[in-house]
Amino acid sequence: MNPSPPGIPEGLARYAALDQRLLAAVRPIRILPTVAWPASLEDRMIGDYAAGRLALPQLPYAPPDLSAARAELVAIEREAGHEDPLGDYLCRTAESWRIAAEMLEAAGTAGVTAPSIVLYGHPGDLIPGSSKSNLDAARYFVDLADELGADLLADEVAGTIAAEQLRGDLAQTLDGFFGAGVIAVEVDPELTAKAAAGATRIRLRGGTTFTDYDRHQLLAHEAYVHSLTALNGRAQPLLASLARTSPRVTATQEGLAVFAELMSGAIDISRLKRISLRILAIDMALRGADFVEVYRFFLERGQSVADSFHSAQRVFRGVPPTGGAAFAKDNVYLSGLLAVHTFFRWALRQRRMDLLRHLFAGKLALHDVISLEPHFTSGAIVAPRWLPPWMQHVHGLAGKLAFSLFVNRIHMGRVQAEELSLGL
């Protein structure tokens with residue numbers, strides 16, 4: 001028998017080999033680039049929409065042939081088995097990539113909808129541990145934001161930062177945290193989203209401006225979660241795939257990133273409203289609303305022409321703009337946030353801060369943190385090198401979560417207004 005490769009415990013080498021095969025198989029599966037809209041098309045159509053010319057977009061998608069990747073992923077699922085948590089991890093991950101491949105092969109058709117819902121959930125799904133759905137949560141945050149909106153206008157952050165200026169500022173901050181040159185910050189004029197992060201690169205959309213609040217959010221969400229977990233994943237000796245976001249971990253990773261905004265004070269009710277509106281818009285599209293109707297929905301909820309267009313575009317990535325279909329990825333931000341928040345509270349109640357630290361060891365789902373615990377204990381999966389700043393202060397984190405644990409036991413419906421007056 002050949003010895004295990006350096007750094008791989010004896011007996012686990014076959015999982016490392018399958019993991020390498022998985023990474024090779026999924027290389028051509030590029031989810032967002034396949035369904036993205038060209039920035040030049042968006043810019044032209046935003047101009048048209050601003051002038052009142054509301055035509056449905058025409059998008060020439062080029063569905064890839066991913067049959068070879070799907071066949072290899074089926075083989076990996078079969079060979080990995082479920083005897084060990086590592087095999088279960090590989091099976092689940094390979095399955096999610098296979099579903100993603102089927103989704104991309106249907107690009108430009110309503111066939112994208114069903115697999116996207118399998119991967120990212122449905123607006124009507126119940127929140128784990130609750131009788132409420134994602135839609136219920138979305139409506140709650142939208143209503144709350146609308147109720148508070150007039151009072152919040154005075155708190156809006158004034159001033160703008162050019163993309164190039166923010167690039168230099170973020171680069172300096174990240175060099176101080178991760179080390180010089182570990183993460184590059186670039187301005188990309190073709191980027192659809194306002195920002196995007198990989199392990200060693202953060203991109204900012206060119207031609208736009210940012211606020212100080214945007215800066216805070218980018219650090220908390222993109223740098224100290226998405227880039228950080230990718231870098232920690234790259235340091236894993238056994239599972240190199242922990243450096244890459246598989247479709248099955250998207251909800252946890254995006255939920256963790258929004259939770260990081262919450263814990264670091266980089267989120268406000270307006271941000272929660274934007275996230276929630278996207279869920280309502282996905283539901284609208286699934287029920288038949290076309291692109292123009294969804295665009296008007298965002299516009300009527302207070303977004304600018306450009307932001308309304310970008311928001312509607314996210315809902316219709318990869319699907320016909322005529323209604324009845326949707327790309328469900330934006331469903332994960334709120335459902336993921338609620339799931340991660342619940343997990344953090346549970347871990348605190350169980351006094352398992354180690355599980356919370358392990359969550360940053362790579363691109364993991366909540367399920368993985370528990371199922372792979374024996375391999376964290378053995379050292380086959382290593383603890384994260386970097387933790388977000390808010391995770392490095394355990395007592396402060398515990399204080400916030402302990403307070404929320406207690407407050408959640410107070411049934412506000414039973415509290416009378418005079419009981420809250422404190423005699424004032």
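This report describes the fold, core, aromatic pairs and sheet of one predicted protein model.

## Basis of the values

Because the model is predicted, local features need pLDDT of at least 70 and side-chain atom pairs count only at pLDDT 80 or more, whereas totals for chains, interfaces and linings use all residues. Residues are numbered from 1 along each chain as its sequence is written, and side-chain values use heavy atoms, with hydrogens and water left out.

## Overall make-up

The protein has 18 helices and 5 strands, where helices (H or I, at least four residues) and strands (E, at least two) are DSSP runs numbered from the N terminus. Of the 424 residues in the protein, 51% are buried; buried here means under 20% relative accessible area, exposed means over 50%, and partly exposed lies in between, with a 1.4 Å probe and protein chains only.

Among the contacts (heavy atoms within 4.5 Å) with a separation of 6 or more, 72% are between residues 24 or more positions apart. The protein exposes about 19,200 Å², and carbon and sulfur atoms supply 54% of that area; the accessible areas come from the Shrake-Rupley method with a 1.4 Å probe, and for residues only the protein chains shown count as cover.

## The nonpolar core

A nonpolar core is a set of buried Ala, Val, Leu, Ile, Met, Phe, Trp, Tyr and Cys residues joined through side-chain atoms within 4.5 Å. The largest such core holds 128 residues, of which Ile29, Ile31, Leu174, Leu204, Phe344, Phe360 and Trp390 touch the most other members. Helix α5 (residues 85–105) gives the most to this core, with 11 residues.

The surroundings of Ile29 can be listed in detail: leaving aside residues up to four places away in sequence, Ile29 touches Leu66, Ala69, Leu73, Trp97, Ala100, Ala101, Leu104 and Arg244.

## Aromatic pairs

Rings of Phe, Tyr and Trp (its six-membered ring) pair if their centres lie within 6.5 Å, and planes under 30 degrees apart count as stacked, over 60 as edge-to-face and the rest as tilted. By this rule the count comes to 19 aromatic pairs. One of them joins Tyr140 and Phe141 in an edge-to-face arrangement, with 5.2 Å centre to centre and 75° between the planes; Phe141 counts as buried because its relative accessibility is 15%.

Phe178 and Trp386 also form an edge-to-face pair, with 5.3 Å centre to centre and 70° between the planes. This pair links distant parts of the chain, since Phe178 lies in helix α8 (residues 163–178) and Trp386 in the loop between α17 (373–378) and α18 (394–407), 208 residues apart. Phe178 counts as buried at 5% relative accessibility, and Trp386 is buried with a relative accessible area of 14%. Elsewhere, ring pairs link Trp37, Tyr49, Phe291, Tyr295, Phe309 and Phe316 into a cluster.

## The sheet and its helices

Two strands pair if DSSP finds at least two bridges between them. Strand β2 (residues 184–188) and strand β4 (residues 201–205) run parallel and are joined by 5 bridges; within β4, Leu204 stands opposite Val187. Strand β3 (residues 195–197) runs antiparallel to β4, with 3 bridges between them, and Ala197 has Ile202 of β4 as its bridge partner. A hairpin through 3 residues joins β3 to β4.

Together, 3 strands form an open sheet in the order β2-β4-β3, and the pairing is mixed. Because β2 and β3 stand at the edges, each with a single partner strand, one side of each is left without a neighbour in the sheet. Neighbouring strands of this sheet are turned by 20° against each other on average, direction ignored. Helix α8 packs on the sheet and touches β2 and β4, its direction making about 165° with that of β2, while helix α9 (residues 212–234) packs on the sheet and touches β3 and β4, its direction making about 20° with that of β3. For these angles, axes are lines fitted to C-alpha atoms, for helices over the stretch in contact, and angles run from 0 to 180 degrees between N-to-C directions.

Ala68 lies in helix α4 (residues 67–80) and is exposed, with a relative accessible area of 61%. The C-alpha atoms of Ala68 and Ala25 are separated by 8.1 Å, although these residues are 43 residues apart along the chain.

Asp43, found in helix α3 (residues 39–50), is exposed with a relative accessible area of 53%. Asp43 and Phe309 are 266 residues apart in sequence and 9.7 Å apart in space, C-alpha to C-alpha.
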